[in-house]
Amino acid sequence: MHLFQLAVSVRAVHRRVASPGEAFGGRRSVGSGVAWRCELLPGTCPSPSPGLPVTAPGGWQHPSAQCRASGRWEWGLSLALGMSGGEALGPRGPEGAGACTGDVPSLKEIEQLLNTGRPSCNHVDEVWPNLFLGDLVTAHNRFVLWKMGVTHVLNAAHGTAYSHGGQDFYGATIDYYGVPAHDLPSFDISQFFFSAAQFIHNALNTPGAKILVHCAVGVSRSASLVLAYLMINHHLPLVEAIKTVKEHRWISPNRGFLKHLRNLDVQLRQKKDC
């Protein structure tokens, strides 16, 4: 068996299967992007839901959450091009070692950084120009949002208990995007990193717009999505993104979310430096 055939038989190949704007996990994918499906071969990672695209703004091949979670995915572009040897293997997953990921801090170091400062915050804080991070108290007060000039709302607790947000609730004056995340370490919030970042990016590129990103308390789910936005769209390493947000608001993503954010940090470094 040729080496190329062997590589293909044990790794997932990613191919373009949909155009921008197709359904993203049952919801509309926001803004421009390229949708990709993880097409699996025998002996590779668990199969994603049929037809589930993963939007990766800028054309970055982003494997499905199910495929990525197994830790056994590989970038498929080099395989599809017919490369062989070391070129065909490419970077080895989000935890892969290498010179380009050597500066990624450990999970313990990230937690130590988050534990600094006073563990309290306001109902809402502006953590980036025209980007507000807050809680349900702020999100449910339409008069306060009107006074703040909020035009977009990203709800990271969509459909969960005590969260009444939705397009019907806000009406035509606010663009709404709901992320049905649960604040549990076992929940894969990474599946929403790119779609949420795209929604925030589109909002902040709208003249005169302001966006509120919130969950229940505004320190874990919504904070994780804001950090992912800063990493994806502003190329900040995870530590710098945390420091940037912590200058204005105390945050505390759960340990599972931090693992996903750290994996994102590794992936973005590999994309940039390798």
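At 11% relative accessibility, Asp125 counts as buried, where buried means under 20% relative accessible area, exposed means over 50% and partly exposed lies in between, with a 1.4 Å probe and protein chains only. Asp125 meets Arg249 in a salt bridge, 2.6 Å from N to O, a salt bridge being a side-chain nitrogen of Lys or Arg within 4 Å of a carboxyl oxygen of Asp or Glu. Please keep in mind that this is a predicted model: local features need pLDDT of at least 70, side-chain atom pairs count only at pLDDT 80 or more, and totals for chains, interfaces and linings use all residues. Residues are numbered from 1 along each chain as its sequence is written, and side-chain values use heavy atoms, with hydrogens and water left out.

**Overall layout**

- The protein has 12 helices and 10 strands; these are DSSP runs numbered from the N terminus, with helices being H or I of at least four residues and strands being E of at least two.
- Of the 274 residues in the protein, 49% are buried.
- Among contacts between residues at least 6 apart in sequence, 69% join residues at least 24 apart, a contact meaning heavy atoms within 4.5 Å.

**Salt bridges**

- The structure holds 3 salt bridges.
- Arg249 and Asp125 form one of them, with 2.6 Å between N and O.
- This pair links distant parts of the chain, since Arg249 is in the loop between α11 and α12 and Asp125 is in strand β6, 124 residues apart.
- Arg249 is buried, with a relative accessible area of 1%.
- Glu111 forms a salt bridge with Arg255, and their closest N and O atoms are 2.6 Å apart.
- Glu111 lies in helix α5 (residues 107–114) and Arg255 in helix α12 (residues 255–273), so the pair ties together parts that are 144 residues apart in sequence.
- Glu111 is partly exposed at 23% relative accessibility, and Arg255 is partly exposed at 43%.
- Arg269 forms a salt bridge with Asp265, where the closest N and O atoms are 3.1 Å apart.
- Arg269 and Asp265 are separated by about one helical turn because they sit 4 residues apart in helix α12.
- An α-helix has 3.6 residues a turn, so residues three or four places apart point the same way.
- Arg269 is buried with a relative accessible area of 17%, and Asp265 is buried at 4%.

**Aromatic groups**

- The structure holds 5 aromatic pairs; rings of Phe, Tyr and Trp (its six-membered ring) pair if their centres lie within 6.5 Å, and planes under 30 degrees apart count as stacked, over 60 as edge-to-face and the rest as tilted.
- One aromatic cluster is formed by Phe169, Tyr170 and Tyr176.
- Phe169 also has the charged end of Arg142 over its ring, 4.3 Å from the ring centre; a charge sits over a ring if NZ of Lys or CZ of Arg is within 6 Å of the ring centre and within 35 degrees of the ring normal.

**Helix α10 and the residue after it**

- The 14 residues of α10 should span 20 Å at 1.5 Å a residue, and the end C-alpha atoms are 20 Å apart, which agrees; the expected span of a helix is 1.5 Å times one less than its number of residues.
- α10 is mostly covered, with 12 of its 14 residues buried.
- Among the buried residues of α10 are Arg221, Leu225, Tyr229 and Ile232.
- Just after α10, His235 takes a positive phi of about 60 degrees, although His235 is not a glycine.
- His235 is found in the loop between α10 (221–234) and α11 (238–246), and His235 is exposed with a relative accessible area of 61%.

**Other loop residues**

- Most residues other than glycine have a negative phi, and most peptide bonds are trans.
- Asn130 has a positive phi of about 70 degrees although it is not a glycine.
- Asn130 lies in the loop between β6 (124–128) and β7 (131–134), and Asn130 is partly exposed at 32% relative accessibility.
- Asp188 is in the loop between β9 (175–178) and α9 (193–204).
- Asp188 is buried, with a relative accessible area of 15%.
- The side chain of Asp188 makes a polar contact with the side chain of Ser190 at 2.4 Å; a polar contact is a pair of N or O atoms within 3.5 Å, and within protein one must be able to donate a hydrogen and the other to accept it, while residues adjacent in sequence count only if both atoms are side-chain atoms.
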